[in-house]
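Please look over the sequence and the model before reading on, and keep both in view while the text moves from the whole chain to single residues.

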Amino acid sequence: MLGRVWGLACSQRKARGVLKNLKEERTRMFDYCMPYIFLPHKQQDATEQQDTVVDIICNLPNVQAPLVFDFDWEMDDAEDMAKEKVEEDELDPSHEKVIADTIRDAVAKAKAEAKTKAAEKKRQRQAISASDAEALRAISTIKFYPRNDKCGEVKSKYINRYYGQADQVL
């Protein structure tokens, strides 16, 4: 059986500043013209790509503006961060416990969401039949450049954020 060949073409240039000057609708059309194919053999484990930074918004009693900051659960400690925020913003020491509890709740919520996403990706990988998985493994991508001397030294294997690297560059 002969393989099928699909070609993608886009007439919109992605030069520096061009996408910024497009109307919102045209920019979205450009974003969606890049297809996505779920390749299970190229998927990383969720633990490798998990973001450990959580955005914290803490509403404190008797304080008008909420306290907004980032917290990295691998690098920081909730109690230490709470003490630091109380000292930085010159807050009442009684707010320290509220800040620490808010941090712990936000971290627990982020970890639960990450666990759910990892389970969903694992379910997607397992739902693919063996023949489909083998067919997806056999997909090869080729990136074509014009045949001239000017682009010889700037050829790159990178395709886009979905496909990653090409198997061949011609």
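This is a predicted model: local features need pLDDT of at least 70, side-chain atom pairs count only at pLDDT 80 or more; totals for chains, interfaces and linings use all residues.

Residues are numbered from 1 along each chain as its sequence is written, and side-chain values use heavy atoms, with hydrogens and water left out.

The secondary structure of the protein chain comes to 5 helices and 4 strands, where helices (H or I, at least four residues) and strands (E, at least two) are DSSP runs numbered from the N terminus. Read from the N terminus, the order of these elements is α-α-β-β-α-α-α-β-β. Of the 170 residues in the protein chain, 21% count as buried, a term that stands for under 20% relative accessible area, with exposed meaning over 50% and partly exposed lying in between (1.4 Å probe, protein chains only). The accessible surface of the protein chain, about 13600 Å², belongs to carbon and sulfur atoms for 51% of its extent; such areas come from the Shrake-Rupley method with a 1.4 Å probe, and for residues only the protein chains shown count as cover. Among the contacts (heavy atoms within 4.5 Å) in the protein chain with a separation of 6 or more, 46% are between residues 24 or more positions apart.

Strand 1 and strand 2 run antiparallel and are joined by 6 bridges, and two strands are said to pair if DSSP finds at least two bridges between them. One of the residues concerned is I57, whose bridge partner in strand 2 is V68. In a regular strand the side chains alternate between the two faces of the sheet.

An α-helix has 3.6 residues a turn, so residues three or four places apart point the same way. H95 counts as buried because its relative accessibility is 7%, and, leaving aside neighbours within four places in sequence, H95 is in contact with L60, P61, V63 and V86.

Two loop residues have a positive phi without being glycine. In the loop between strand 1 and strand 2, N62 has a phi of about 65° and is exposed, with a relative accessible area of 82%. In the loop between helix 3 and helix 4, E90 has a phi near 50° and is likewise exposed, at a relative accessible area of 73%.

Finally, K143 lies in strand 3 (residues 142-143). Apart from neighbours within four places in sequence, K143 is in contact with S156, Y158, A166, Q168, V169 and L170. The side chain of K143 reaches the backbone oxygen of S156 at 3.4 Å, while the C-alpha atoms of K143 and K155, 12 residues apart along the chain, are separated by 9.3 Å.

Notes: A polar contact is a pair of N or O atoms within 3.5 Å; within protein, one must be able to donate a hydrogen and the other to accept it, and residues adjacent in sequence count only if both atoms are side-chain atoms.
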